[in-house]
Amino acid sequence: MAEVTLNNICKSFGSQVALADVSMTVPDGSFVVLLGPTGAGKTTTLRLVSGLDKPDSGTILIDGVDAVAQSPAQRNVAMVFQQYSLYPHLSVRENLAFPLKSPILRTSAEEIVRKVGEVAETLQISHKLDNKATELSGGEMQRVSIGRALVRNPRIYLMDEPLSSLDAKLRSDLRIELKRIQASLGATILYVTHDQIEAMTMATQVGVLDHGKLVQFGTPREIYEDPVSIYAASRLGSPKINILPADFFPGAPGGAVSIGLRPEHIRLGEGQEVQTVRVEHLGDQTRLHLKINDLNLITLTESHTQIQPGERLKIAPQFPLYFGSNGERIKS
Amino acid sequence: MAQIIIRNLRKDFGDFTAVKSSSFTIEEGEFFMLLGPSGCGKTTTLRMIAGLELPTSGEIYIDGEDVSQKPASNRDIAFVFQMFALYPHLNVRQNISYPLKSQGMPKRQIKAKVAEVAKLLGIEEILHKPVSGLSGGDRQRIALGRAIVREPKAFMMDEPLGALDAEFRERMAEDLRALHDRMGATTVYVTHDQLEAMQMGDKIVVMNHGSVEQFGVPQDIYDWPATIFVADFIGSPSMNFLHFNGSVNAGDSAVALEGQVFEIPTQLQSCEGEIVFGIRPEYVSFDQNSLYRGDIIAAEYLGTTQIVTLQSRNGTLKSRIPSAEPASVGENVGLAFNPRAITLFDKKTGAALLSEGNKGVLDNG
Amino acid sequence: MSGYSVTEPSKRQKWIAGLLVITYALVTLMPLLWVIATGFKSPEDSIAYPPKVVFQPSLEGYVNLFTTQTRITPDMEATLTPPKTWYEQIVRDKGMVIAGASRYGQRFLNSVIIGFGSTFFSVFLGTLAAYAFSRFKVPIKDDLLFFILSTRMMPPVAVAIPIFLMYRQLGLSDTHLGMILLYTAVNLSLSVWLLKGFIDEIPLEYEEAALIDGYTRFQAFYKVVLPQAATGIASTAIFCLIFAWNEYAFAVLLTSGTAQTAPPFIPTIIGVGGQDWPAVAAGATIFLLPVMIFTIMLRKHLLRGITFGAVRK
């Protein structure tokens, strides 16, 4: 495993700027998640590290060595794609063995059998080894494509939304599984997603990307509790953070234009009066849609609340975050 | 708008039974969810209500009239396939007025109708625009407008948001629900996403293998699932299941798990053999004094809360606790269960055992 | 599960649909069946009017097809030994004797060499070109693709005279190589376009995965793209073969001896013994067989190939 460092990476596709001066370090043994909406530059970053694309400028160091001139094969990286990752004309076993048979690795036949068996065991797909890749369910397919990365001993694992095409249950199982595998191998993983739950639950560090810029890099807790901007604050947390004008509650510091208030950080019972528009019982908690004038906000309350739509409530902030005119954080 | 009653509905495709025997009632103006995994028969049920499939047996009443063997065109129902399936070569107005034109409605009347619908949907400004350049939200409104303009008795929607990415879907779901609240139109909505069903639905039918597993309001289904399947399907993470061998008798208000006695809602039904002890993650808490212990195998940070996965003597279970509470992998902790939130299931049949807790919910379901 | 069909068709509807299909198939198969049947008729039956549906089957046509014959003259009669084989018997019954093998076998072999040879080259070159057009940034790609297609916009015969003159200069007239080159050139545009369509459908991710797995670009093409393009390659091969196999105009113009293919040869059979329709029909029947076998072998692929694009997964 290795440390990967990006220095001042720029990349454009025609007139479209994909990455603008991105620098970051993926420490050895870390699980770094790049988070951002479509078009933020997440996948581009991954492809630059893999060697499938070349940066316009900047350097990429893998283990301290400049890799920009190297081919994907030379970089010895493994990648898990979002979909289309299994070769449909091969069996599961052949798919898993494929990277081992490459001219770079040229693994012996016994070694291939051993490794494929081992990985199949870890991912609980041993009984499917002789199936055609196309005969698997979505979850099994994604397991196999993760397995295809695991059979090798690459310097870094690159994963491009590997769980996004799976259903919720499987996603949550595989999240834990991936995290466990990473911990036990001590693997370095660079992982791309737009799912904030994946970022929060798996990452050791999260990189928040916005239109090709890396706006914040830190632990999930740092980004959740101490975001640098409205944008970064909106990346984590579901439902999304409420953004209200600064004068909505008293006590805003000078220069603050808006208040960011996470739904779970609203106290009921005192303060501003608002009207309940809709009550959503989600089972483990209840979501209240509140309205005052033209402002909509969402808060959470316990699951068996008696609050009815139309009811007037009083709300007060618990951990307000203040932001300036450009959306930048203002600390009080 | 109409009430829809489904009675003993069944559909066979050759040897394969897609829907075994469904019965439920959709009240006038309700936003009604058909929920279940793929292949459970929910889409077939929806298509039978719409008249796109004819049932093998059973009845469908729309406003009291048995329509089960009538063709779709005689049922006066709108079917919204995909929110984004618009005619790309027509502009917004033409798209919305299309169904009226094909009915042969006079021009002046069409114009008035379209204006009314556009006002309701808030798309008056874009009526003259071609649909190709519009945002996803606008396209969704137009697709709906095309369905609304006919003033059907009910709307059928088959996973209309299924193709969207998570963030956008959330917004669309909210929009759709708000629109429903304004119109009050009876809506039947098929989804496999339990969160979507909980969030949007007034009532939910949970289907599995062609059968109705449970039918009711979201919170009741979440709190008091009728079967192991429902308990597992609803909620994320889903309910914890602790398996044990033993017996429960009517009148019991405690049960022993590995020698550890836990208080439970007073049972109204007896059961012997393999029993499943069900408890939702938010009702599992840490208690250093408890003798029932588990090893932490994963802790997932979620902001204010965290989900801790534990290995216990009766299987793995998850607990949702505040993220401020310390929980590190490898640690051994004592566990406490909120006694009011426990459901026992008979493992053989998968059905919940009746108790003082769930009898109110299960009796009328 | 989102079609608009209301219910599955009833038994009666299925019957009617089946009947219609069978009737249509019979109508289209009629000429084919006629040719096959004529091949087994005697020359008299073949020209009988009204046409005979029930007739005494005879292999005379096939024997005539493969042999050249001479009439038995009175002085030959003395030296004749009794016929040793069934086909000698057939010929003898007409008062003829076999003089030697006809040129049909050799012409047929020419068809095989030229047809399959040009198909191989069309598909081989077409796959490489299609892959390049599909995956790489080729300068003026659209113009090139249009240019390639434009070679198909005129009837090939329009350029027959220039090609004839050119081939005479180059010494390619009436050679196997010349015909293979010519058919390859004509088919290549079709094969590039068809195969580009198929390769476009294969997601790029597969090759990228292979690149990262440590393979070179060519290995990725060979191990990942080719197997997945098998369906496309098979159906393209069938289209190319059918064209090359049946081509008549160029064959008449450019071949006469060594490299003559079966299509220009078959009509000449008629001259051998006056109105020998059974021999012509037999020649046509045998000529049909290779393409039929090839098509049946690749039928599974062909069906998918024809409907490709219609169903997206």
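Modeller: Start with a term. Domain bounds come from an automatic or database domain assignment. Keep in mind that this is a predicted model.

Biologist: Into which domains is chain A divided, then?

Modeller: Chain A has domain 1, residues 4-234, and domain 2, residues 243-330. The C-alpha centres of these two domains of chain A lie 37 Å apart.

Biologist: How many residues of domain 1 of chain A are in contact with domain 2 of chain A?

Modeller: From domain 1 of chain A come 6 residues, and they contact 8 residues of domain 2 of chain A. On the domain 1 side, 5 residues are nonpolar, 1 is polar and none is charged.

Biologist: Now the contact between chains A and B. How many residues does each chain bring?

Modeller: Chain A brings 22 residues and chain B brings 23. On the side of chain A that touches chain B, helix H6 (168-185), helix H7 (196-202), helix H8 (220-225) and strand S13 (266-281) each supply at least two residues. H6(A) gives the most, with 4 residues. By type, that side of chain A divides into 9 nonpolar, 7 polar and 6 charged residues.

Biologist: How should I read a nonpolar core?

Modeller: In soluble globular proteins, nonpolar side chains tend to be buried together. Here the largest nonpolar core holds 130 residues. The members touching the most other members are Val33(A), Met79(A), Ile156(A), Leu158(A), Leu190(A) and Tyr191(A). The largest share of this core comes from helix H9 (residues 176-201) of chain C, with 11 residues.

Biologist: Is helix H1 (residues 42-50) of chain B enclosed or open?

Modeller: Count neighbours. A residue is buried if 20 or more other C-beta atoms lie within 10 Å of its own. In H1(B), 9 of the 9 residues are buried, so the helix is largely enclosed by the rest of the structure. The buried residues include Lys42(B) and Arg47(B), along with Leu46(B), Met48(B) and Ile49(B).

Biologist: What follows H1(B)?

Modeller: Gly51(B) does, and its phi is positive, near 95°.

Biologist: Which residues other than glycine have positive phi?

Modeller: Take two cases from chain A. Asp63(A) has phi near 60°. Asp63(A) sits in the loop between strand S4 (57-62) and strand S5 (65-66) of chain A. Arg106(A) has phi near 45°. Its loop runs between helix H3 (92-97) and helix H4 (109-122) of chain A.

Biologist: Last feature. Where are cis peptide bonds found?

Modeller: Check omega. One joins Ser236(B) and Pro237(B), with omega about -5°. Pro237(B) lies in the loop between helix H8 (228-233) and strand S11 (240-248) of chain B. Another runs from Tyr49(C) to Pro50(C), with omega near -5°. Pro50(C) is in the loop between helix H2 (43-46) and helix H3 (60-66) of chain C.

Technical notes: Residues numbered from 1 in each chain as written. Chains lettered and ligands numbered in written order. Predicted model: local features only at pLDDT ≥ 70, side-chain atom pairs only at ≥ 80, totals over all residues. Core = buried A, V, L, I, M, F, W, Y, C linked by C-beta atoms within 7 Å. Buried ≥ 20, exposed ≤ 12 C-beta atoms within 10 Å, placed from the backbone. Contact = placed C-beta atoms within 7 Å. Nonpolar A, V, L, I, M, F, W, Y, C, P; charged D, E, K, R; others polar.
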